[in-house]
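Student: I have a new structure to read. Can you walk me through a few of its features?

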Amino acid sequence: MPNQQYQKCIDACLECATICNNCAVACLEEKEVSNLTKCIRLDLECAVICRASAELMTLNSIYSSKICGLCATICDACSEECENHSLMEHCKECAEACRTCAKKAFIIYQNSTNKNRGTETPVTYQDECAILSRAAAELISLGSTWSIQISELNSSVCNTSADEFEKYMNFLMKQSRSRSTLAKDMHQKLIDQDKEKAIQPKEEGKRKRRHVSALLAASMGRSAMDHIRSHVTTDVGGTSGLINTGTVITYKEN
């Protein structure tokens, strides 16, 4: 939000821009319009610079003081010219508005605290560049004697805007790369976790199968011995022979 001093100047600038436009139109309708060409040109130039000044002050721009200095100069010139035609009501009213605006703009220009006011984001610089580019284009199209001053300020602001955007974009790229690295690491961790979960049931299954195989082997071993014992017969001499085989097993009974 603009401070109180800024707001007073903003109001004065907007009012002056409106009155200057009205004066220019009224001058075109006068019979001796050929004698009012300088007045019309200054009216239009003053309206342009007043609007630009109001917009920059609304943004709390660090360039407010510079453009207000130019605004005060143009408003003074317009006021002097309109006073030369003060018999016409619209020129008299315009001269008063320009004089008031020039005084308030000069206060902003002189105020050192406003000169040090900072801009917070590159977006603001972009807005400032757009405002001054438009104002410069309008003054140049009018063949204004202040075209050099406004174009110089415009160039300075737009260069600053470009520099700030470059810094901002570099910051965003670094931030994006950092987030990309974190996201990649997290993605890999999730993949590794899934692999571990997949491996664990397999290992558990292998252990279970080995255990079952061992049990089966032991069971089969006992079954074989039981099978053999069931086919062993005992003779009187203490020797045993397997039926239908030539094998003889000698043992002692308990």
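What follows is a short talk on salt bridges, a charged patch and one backbone angle.

Tutor: Keep in mind that this is a predicted model.

Student: How many salt bridges are there?

Tutor: A salt bridge needs a Lys or Arg side-chain nitrogen within 4 Å of a carboxyl oxygen of Asp or Glu. By this rule there are five. One of them joins Arg51 and Glu138, at 3.2 Å from N to O. Arg51 sits in helix α2 and Glu138 in helix α6, 87 residues apart.

Student: Which residue forms a salt bridge with Arg134?

Tutor: Glu55 does, with the closest N and O atoms 2.7 Å apart. This pair also links distant parts of the chain: Glu55 is in helix α2, Arg134 in helix α6.

Student: Which residues gather in the patch of negative charge?

Tutor: Asp11, Glu15, Glu89, Glu93 and Glu96 gather there, on the surface. Helix α4 gives the most, with three residues. Glu96 is in α4, and its relative accessible area is 49%, so it counts as partly exposed.

Student: Where does Asn60 lie, and what is its phi?

Tutor: Most residues other than glycine have a negative phi. Asn60 has a positive one, near 55°. Asn60 lies in the loop between α2 and α3.

Student: Is Asn60 buried or exposed?

Tutor: Buried means under 20% relative accessible area. Asn60 has 15%, so it counts as buried.

Key:
Residues numbered from 1 in each chain as written. Predicted model: local features only at pLDDT ≥ 70, side-chain atom pairs only at ≥ 80, totals over all residues. Heavy atoms only, no water. Helix = DSSP H or I, 4+ residues; strand = E, 2+ residues; numbered from the N terminus. Buried < 20%, exposed > 50% of the residue type's maximum accessible area, 1.4 Å probe, protein only. Patch = residues over 30% accessible without salt bridge, like charges linked within 9 Å, V, L, I, M, F, W, Y side chains within 5 Å. Areas by Shrake-Rupley, 256 points an atom, 1.4 Å probe, with all protein chains shown as cover. Lys, Arg positive; Asp, Glu negative; His and termini not counted. Charge placed at Lys NZ, Arg CZ, Asp CG, Glu CD.
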